[in-house]
Amino acid sequence: MFDTVVVATDGSDSVTRAVDVALDLADRFDAEVHALSVVDASEVDASPQQLRDELRTALETTADAALATVENHADRAITTATREGRPAVEICEYAREVDADVVATGTRGRHGENRLLLGSVAERIVRTSPVPVLTVRQLESMQQSDEDAAESTASV
């Protein structure tokens, strides 16, 4: 049923569970796994000219770390890729290129709670993907732990 699973990651805490669910799905179907991270070109373009190279490098480093996290969670070899562009567009295009059967993503990314039910990137993927999309939300207990840690750090 599933031969190729693409997991989209931006390195955010909320995508951790999506990675675990995608890897479990791949294990159950003995599917090939592709992990993709996209450097958001609009973030780079919106920054002041003198900061663009530095910001691009920082975003690429974050993407590399996100992909390394997926590799560390996997008990199998996976294919990793980094792209630059609009995240939803790049993720859908990548899914077409590798003939994916499903795309897995978190419901919230690095930009947090800016949408009511789904993050804006996740929503665009759901609306435009050529294949089914598995959106995985972070469990409330994980979310609460993250919020507690943030509050503890902020109060120090």
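Start by selecting Gly 106: its bridge partner in S5 is Val 136. This is a predicted model in which local features need pLDDT of at least 70, side-chain atom pairs count only at pLDDT 80 or more, and totals for chains, interfaces and linings use all residues. Residues are numbered from 1 along each chain as its sequence is written, and side-chain values use heavy atoms, with hydrogens and water left out.

**Stop 1: strand S4**

Stay with the strand of Gly 106. Strands here are DSSP runs (E, at least two residues), helices are runs of H or I with at least four, and both are numbered from the N terminus. S4 covers residues 102–106. S4 and S5 pair in the parallel sense over 4 bridges. Pairing requires that DSSP finds at least two bridges between two strands.

Now colour S4 by accessibility. Buried means under 20% relative accessible area, exposed over 50%, and partly exposed in between, with a 1.4 Å probe and protein chains only. Of the 5 residues of S4, 5 are buried. Val 102, Ala 104 and Gly 106 point one way, while Val 103 and Thr 105 point the other way.

Step across to S1. S1 and S4 pair in the parallel sense over 3 bridges. Select Val 5, which stands opposite Val 102 in S4.

**Stop 2: the whole sheet**

Show all strands. The open sheet has 5 strands in the order S3-S2-S1-S4-S5, with parallel pairing. Strand S3 (79–85) and strand S5 (133–136) stand at the edges with a single partner strand each, so one side of each is left without a neighbour in the sheet. Neighbouring strands are turned by 25° against each other on average, direction ignored. Strands of a sheet pair through backbone hydrogen bonds, either parallel or antiparallel.

Go to S2, residues 32–40, which runs parallel to S3 and is joined to S3 by 7 bridges. Select His 34; Thr 79 in S3 stands opposite.

**Stop 3: helices on the sheet**

Next, show helix H1, residues 15–29. H1 lies across S1, S2, S4 and S5, and runs at about 175° to S1.

**Stop 4: along H1**

Pick Asp 24, which sits in helix H1. Asp 24 is partly exposed, at 36% relative accessibility. The side chain of Asp 24 makes a polar contact with the side chain of Arg 28 (2.8 Å). A polar contact is a pair of N or O atoms within 3.5 Å; within protein, one must be able to donate a hydrogen and the other to accept it, and residues adjacent in sequence count only if both atoms are side-chain atoms.

Which rings form the aromatic pair? Select Phe 2 and Phe 29: their ring centres are 5.1 Å apart and their planes are at 80°, so the pair is edge-to-face. Rings of Phe, Tyr and Trp (its six-membered ring) pair if their centres lie within 6.5 Å; planes under 30 degrees apart count as stacked, over 60 as edge-to-face and the rest as tilted. Phe 2 lies in the segment before S1 and Phe 29 in H1, so the pair ties together parts that are 27 residues apart in sequence. Phe 2 is buried at 16% relative accessibility, whereas Phe 29 is partly exposed at 33%.

**Stop 5: Arg 83**

Move to Arg 83 in strand S3. The side chain of Arg 83 makes a polar contact with the side chain of Glu 90 (3.4 Å). Beyond its neighbours within four places in sequence, Arg 83 is in contact with residues including Leu 36, Val 38, Glu 93 and Tyr 94. Contact means heavy atoms within 4.5 Å.

**Stop 6: two loops**

Most residues other than glycine have a negative phi. Select Asp 30, in the loop between H1 and S2. Phi of Asp 30 is near 50°, a positive value. Asp 30 is exposed, at 65% relative accessibility. Then select Asp 99, in the loop between helix H4 (87–97) and S4. Asp 99 has a positive phi of about 55°. Asp 99 is exposed, at 59% relative accessibility.

**Last view: the chain**

Zoom out. The chain has 6 helices and 5 strands. Of its 156 residues, 39% count as buried.

Methods. Axes are lines fitted to C-alpha atoms, for helices over the stretch in contact, and angles run from 0 to 180 degrees between N-to-C directions.
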